[in-house]
4 protein chains.
Amino acid sequence: MSWNTFGRVLRMTTWGESHGPALGAVVDGCPPGLALSEAEIQPWLDARRPGTSRFTTQRREPDAVRVLSGTFEGQDGIQRTTGTPISLMIENVDQRSKDYSEVAKAYRPGHADYAYDAKYGFRDYRGGGRSSARETAARVAAGAVARLVIPEVRIDAYVVEIGGDAIDRANADLAEIGNNPFWCPDAEAAKRWATLVDEARKAGSSLGAVVECVAHGVPAGWGAPVYAKLDADLAGAMMGINAVKAVEIGDGFEAARLTGEQNADPMRPGDDGPRFEANHAGGIAGGISTGQPVVCRVAFKPTSSILSAVETIDKDGNATEIRTKGRHDPCVGIRGTPVVAAMMALVLADHKLLDRAQCG
Amino acid sequence: MSWNTFGRVLRMTTWGESHGPALGAVVDGCPPGLALSEAEIQPWLDARRPGTSRFTTQRREPDAVRVLSGTFEGQDGIQRTTGTPISLMIENVDQRSKDYSEVAKAYRPGHADYAYDAKYGFRDYRGGGRSSARETAARVAAGAVARLVIPEVRIDAYVVEIGGDAIDRANADLAEIGNNPFWCPDAEAAKRWATLVDEARKAGSSLGAVVECVAHGVPAGWGAPVYAKLDADLAGAMMGINAVKAVEIGDGFEAARLTGEQNADPMRPGDDGPRFEANHAGGIAGGISTGQPVVCRVAFKPTSSILSAVETIDKDGNATEIRTKGRHDPCVGIRGTPVVAAMMALVLADHKLLDRAQCG
Amino acid sequence: MSWNTFGRVLRMTTWGESHGPALGAVVDGCPPGLALSEAEIQPWLDARRPGTSRFTTQRREPDAVRVLSGTFEGQDGIQRTTGTPISLMIENVDQRSKDYSEVAKAYRPGHADYAYDAKYGFRDYRGGGRSSARETAARVAAGAVARLVIPEVRIDAYVVEIGGDAIDRANADLAEIGNNPFWCPDAEAAKRWATLVDEARKAGSSLGAVVECVAHGVPAGWGAPVYAKLDADLAGAMMGINAVKAVEIGDGFEAARLTGEQNADPMRPGDDGPRFEANHAGGIAGGISTGQPVVCRVAFKPTSSILSAVETIDKDGNATEIRTKGRHDPCVGIRGTPVVAAMMALVLADHKLLDRAQCG
Amino acid sequence: MSWNTFGRVLRMTTWGESHGPALGAVVDGCPPGLALSEAEIQPWLDARRPGTSRFTTQRREPDAVRVLSGTFEGQDGIQRTTGTPISLMIENVDQRSKDYSEVAKAYRPGHADYAYDAKYGFRDYRGGGRSSARETAARVAAGAVARLVIPEVRIDAYVVEIGGDAIDRANADLAEIGNNPFWCPDAEAAKRWATLVDEARKAGSSLGAVVECVAHGVPAGWGAPVYAKLDADLAGAMMGINAVKAVEIGDGFEAARLTGEQNADPMRPGDDGPRFEANHAGGIAGGISTGQPVVCRVAFKPTSSILSAVETIDKDGNATEIRTKGRHDPCVGIRGTPVVAAMMALVLADHKLLDRAQCG
């Protein structure tokens with residue numbers, strides 16, 4: 001079931017709309033005894049926060065998280081998880097008062113407007129309501145809790161392509177990621193993207209992006225075949241992020257163009273389990289982690305909100321056109337990057353606990 | 001949870017190993033009153049069955065399905081579902097007696113051998129055990145039940161690329177699919193693929209493939225945001241198929257290279273809901289179907305079983321090498337095609353019922 | 001899974017501790033279009049609220065609920081559910097600052113103190129933390145939402161026995177329930193109970209109670225055999241209420257003392273479905289509602305918090321004794337009555353939607 | 001969801017009808033490496049098997065179980081679980097060919113006939129179809145697997161009352177259970193019951209029963225508050241058994257008649273955790289096991305199938321009457337006893353794994 005719940009053992013239930021009073025997540029199933037306070041969560045939210053550069057939406061949200069339950073201060077003065085549900089709340093602050101009458105009446109192509117009305121017969125049209133990417137703030141907050149469950153894992157997420165302009169892998173350095181507003185590991189590409197995204201922003205247009213995410217330190221054995229495979233759960237998690245249209249594990253589509261010989265990941269004896277001589281598989285075989293880095297890539301479509309007029313229909317089915325005014329990300333993939341990382345953390349933490357349940 | 005259960009309302013639980021006595025599926029949550037007998041299921045299994053051409057494994061399995069529960073013959077003499085669980089069983093017939101000592105001792109790269117041992121400490125190594133693609137016969141059988149739930153939907157699945165050689169869309173005709181052993185809509189491509197796959201087969205090598213699946217007739221409104229989105233569930237379903245490494249919805253990765261203007265799917269008034277002027281979105285917006293055809297594409301890696309020696313380690317961690325002898329599909333994507341269609345049917349049927357639960 | 005989630009289609013996830021900043025529930029899967037505002041929920045919370053008579057705890061909590069998401073004001077000015085998760089929050093106000101050092105160190109027999117420490121190694125000992133009956137406020141709030149889903153059903157819940165003193169069924173009148181602080185349908189019994197509970201309260205002792213709950217208007221056909229039977233789900237729901245130790249459906253234990261002839265519920269033709277001549281079954285057969293009133297009875301143990309010293313051990317396993325000072329309900333069954341009704345509403349609403357999913 | 005699936009981590013999905021070709025269970029989530037063959041399961045099925053004395057139905061079913069998947073013979077020659085789903089099948093043998101036309105047309109009061117038709121519009125009326133207690137054979141088979149997961153636990157289940165005639169606790173000896181056909185620990189009561197049940201059988205009548213089940217060796221810490229409490233899950237599991245109408249944990253209804261002082265379970269220092277001086281709670285506090293024996297009691301109604309004519313209606317709503325001929329248990333509680341034990345095993349095994357998931 002679980003319309004708004006994600007996960008099997010470590011479960012996050014999110015709630016909230018773009019322009020309601022607040023949004024939040026309830027994280028259930030978290031092991032007890034983990035040091036957790038707002039300070040552990042806030043930095044991840046800050047990474048996703050809007051308005052931090054001119055390349056993101058100018059909506060100003062502090063995204064300050066409150067932990068409302070599930071932790072308790074032990075005698076050592078440290079706030080720790082108690083094993084009970086962790087309620088996280090983020091108040092909406094900058095719901096700019098504006099005129100929504102246009103969006104209320106006509107459907108923005110590429111947005112969920114028409115689909116929500118078709119399904120529910122009714123929708124909160126202010127800023128996209130529940131379908132707004134603002135909901136992903138709750139995922140990032142919950143993802144911060146998930147990270148505590150998997151201290152052995154390091155997750156890197158970065159943008160490898162914007163508007164069809166890819167990084168040069170030979171020039172990539174993860175240390176660069178924090179040095180530019182694009183989570184870009186290639187300093188040269190970051191410069192080109194600044195121009196590219198600026199042009200799109202000024203033109204009221206938008207661009208797509210490809211985000212790569214790698215998890216190091218995942219031991220062999222996570223993943224539950226055959227319908228809770230690690231890669232299947234990752235694919236579902238990533239495709240569920242707003243604006244995502246494709247997911248690859250390891251070589252992904254490229255693997256379909258290799259021969260069996262080229263695609264093999266030979267194994268040699270290693271110090272601690274096998275040493276793989278390649279990682280076409282992206283660290284997962286038969287739905288179970290192999291101990292290699294878990295690699296996935298995610299395609300974000302260009303932001304659907306654009307200033308150009310697009311043909312559409314109104315609620316009554318009449319032809320009209322719509323321009324999406326207001327504050328928008330010219331490239332949602334950028335701010336989607338921390339969300340990709342959060343979903344990776346949630347899936348891995350869930351599977352760590354899931355494996356513990358069955359295999360001890 | 002649900003290691004071996006797929007679905008939310010319409011749930012399939014599969015069981016069985018490649019070389020055990022049988023395999024099967026229990027389909028639960030199926031609406032009552034649907035006409036169902038073995039005759040409804042067998043044709044779909046026959047489409048996936050091995051040994052039907054020289055381009056697939058020569059294991060000879062009749063894959064004859066038995067319906068053991070969940071149906072009852074009404075007074076009209078028609079066998080119908082009763083709303084109780086439908087147990088489907090397929091006996092394994094051609095578990096060729098062979099020597100598994102090599103596979104028992106060494107890990108086949110690209111296969112789940114090492115991962116299963118790392119997880120469970122123990123595995124049924126005969127033919128891959130539970131990780132064998134033979135398990136997908138159960139999915140196809142369950143998918144045939146799912147199709148009864150969604151008579152309004154037509155699902156087409158076909159191969160669009162083998163070994164990097166793509167079809168010519170201009171030359172594609174769905175009527176061609178049944179005329180060649182590749183589910184190929186382009187007769188010219190089918191001829192080239194015959195040569196390509198033959199060469200790979202003779203060389204003991206293997207090839208990857210890309211399969212496309214389109215569902216026509218899906219009404220607007222299926223999909224449950226935000227963690228049971230239709231596209232997220234499809235992505236998980238497809239990535240969970242053996243050998244799949246990537247999934248796209250609509251334009252997929254290509255969407256990341258379009259601008260917002262190019263990617264828009266303008267709407268015009270139509271006879272019955274909106275008429276969309278494009279379908280970059282692949283029929284899904286905000287995780288909910290829009291009434292357009294639902295489109296996904298799936299990448300299959302080349303079969304991991306190849307005749308060439310690959311470096312590997314044995315159970316004790318020592319260096320060795322392995323050649324995978326025996327009967328194998330030179331291109332698993334071919335026989336994966338009916339499985340893709342079955343998973344599409346299962347996801348759509350599940351979401352139809354899920355939508356009915358919440359939205360009546 | 002679902003440690004803190006209840007329900008299958010209509011799902012409530014609750015969070016919060018007795019002495020944290022707030023507690024709440026997220027209700028997911030609710031159909032769209034139902035008129036819902038705080039005003040629909042508050043009366044039910046008021047019925048459960050502490051401090052309304054001398055027979056309940058004197059903790060003063062307004063239990064004012066806020067709806068933080070999931071509703072939207074339509075053009076008719078009415079707040080309606082949108083089909084997205086409904087987040088309900090109740091702030092804790094009267095967490096009296098007191099010395100918890102005794103409870104922190106020693107385990108109160110009958111309470112969850114020892115069990116929580118044994119499980120989690122750590123607990124929020126202030127007022128019982130998550131194990132406090134205060135959590136049931138969230139259930140009552142969510143139950144108010146569930147009631148909107150089943151307008152065809154009327155739920156009556158009332159106390160039929162306190163401290164072993166039962167009502168006289170011949171003297172019972174549901175109209176009396178609101179006239180006394182015990183939800184007692186027998187005015188005479190209510191008078192006796194006033195004395196009984198007063199004595200227990202003054203003595204620092206406590207009493208048990210039996211609550212009966214009847215749902216009228218449930219149509220035939222709700223319940224999903226064989227592991228989501230309506231009676232099984234009710235039993236789980238009721239037994240999960242704090243201090244509940246037993247659940248009966250229909251005649252319950254008494255049915256075990258009847259013969260098959262005595263226990264039969266003969267059917268006669270009725271105006272609208274069958275007319276049953278008895279209801280030993282409590283409205284459920286084979287786990288499915290029959291159209292008769294659904295009847296269950298629930299036993300509450302006496303409040304575990306008593307003023308008398310009880311032998312116990314401290315965290316280090318040493319012998320000690322404990323008296324539970326502070327504000328407590330002398331008979332938790334009284335305030336448990338609206339909780340029983342809320343759980344009945346949640347189970348029925350869930351099964352209405354569940355039935356709709358499978359049977360249309 | 002999970003109409004026909006029971007459990008959270010250790011999940012059993014059962015299928016099959018009384019008069020179909022077979023019935024079975026798929027047990028998923030079982031830890032790998034446990035020694036399991038038919039020989040581990042068959043004795044439990046034999047205990048439940050019909051036709052073993054004149055006090056049970058004379059239907060002759062060998063109830064021979066087959067393990068179709070999920071185990072593999074290791075190099076030590078022992079069949080062990082592999083962590084994959086375990087498919088168990090029991091063929092129906094003695095589906096006596098008889099005339100079902102009466103049952104097909106009229107509804108047997110107390111049976112699920114009318115409810116199934118009201119829900120599904122259609123039913124397999126042969127022997128009750130899916131609603132037959134024959135389905136519990138699958139639970140007993142799955143319960144045998146569950147027992148392997150909890151070797152530290154010993155489960156005793158026995159009948160304490162038939163037709164209102166209770167055992168004398170002072171005269172009870174668990175060693176007696178196997179010495180009479182009633183699972184009765186009191187030899188004197190067993191003699192009286194022989195007469196009682198014989199009379200009922202000869203009169204074509206039936207009797208109810210109360211079954212008690214005690215699990216020894218459950219450690220403190222199993223149970224997941226607040227909606228997967230151990231007692232709530234037990235209550236749901238027990239109430240879901242055919243013919244069960246009530247469930248008590250510990251003192252159950254009697255607890256509602258005690259004062260807080262009487263109901264306390266004082267703790268003293270023990271060798272290995274606390275030593276409790278009483279067990280009114282039945283081994284569970286706050287939904288979590290305390291390390292004391294887990295105690296529950298279950299009330300079975302008298303078998304609904306009786307030879308006397310009972311007023312009923314037919315499918316078209318017309319008045320008629322029905323006598324239930326054929327082979328029936330005069331007291332279903334007797335054969336229900338191994339089912340109660342099986343459900344106890346399933347719940348405890350599930351919670352052991354569930355606890356391991358969250359608390360390591």
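Start by selecting chain D and chain C together: 43 residue pairs, both at pLDDT 80 or more, are in polar contact between them. A polar contact here is a pair of N or O atoms within 3.5 Å; within protein, one must be able to donate a hydrogen and the other to accept it, and residues adjacent in sequence count only if both atoms are side-chain atoms. Keep in mind that this is a predicted model, where local features need pLDDT of at least 70 and side-chain atom pairs count only at pLDDT 80 or more, while totals for chains, interfaces and linings use all residues. To find your way, residues are numbered from 1 along each chain as its sequence is written, chains are lettered from A and ligands numbered from 1 in the order in which they are written, and side-chain values use heavy atoms, with hydrogens and water left out.

(Helices are DSSP runs of H or I, at least four residues; strands are runs of E, at least two; both are numbered from the N terminus.)

Next, show D:Lys119 and C:Asp355. They form a salt bridge, with the closest N and O atoms 2.6 Å apart; the term means a side-chain nitrogen of Lys or Arg within 4 Å of a carboxyl oxygen of Asp or Glu. Between chain D and chain C the count is 6 salt bridges.

Now colour the whole interface. Chain D and chain C each put 104 residues into the contact (heavy atoms within 4.5 Å). About 7900 Å² is buried between them, 61% of it from carbon and sulfur atoms; that's the accessible area (1.4 Å probe) the two parts lose on being put together, summed over both. On the chain D side, highlight D:Trp3, D:Tyr227 and D:Lys245, which lose the most area to chain C, together 11% of what that side buries.

Then select residues 244-249 in both chains. Strand S11 of chain C runs antiparallel to strand S11 of chain D, joined by 3 bridges (strands pair if DSSP finds at least two bridges between them). Zoom in on C:Glu248 and you'll find D:Ala246 opposite.

Last stop: chain A on its own, with 8 helices and 18 strands. Its C-alpha atoms fill a box of roughly 65 × 55 × 40 Å along the principal axes. Show A:Arg297 and A:Glu212, a salt bridge with its closest N and O atoms 2.9 Å apart. This pair links distant parts of the chain, strand S16 (residues 294-300) and strand S10 (residues 209-216), 85 residues apart.
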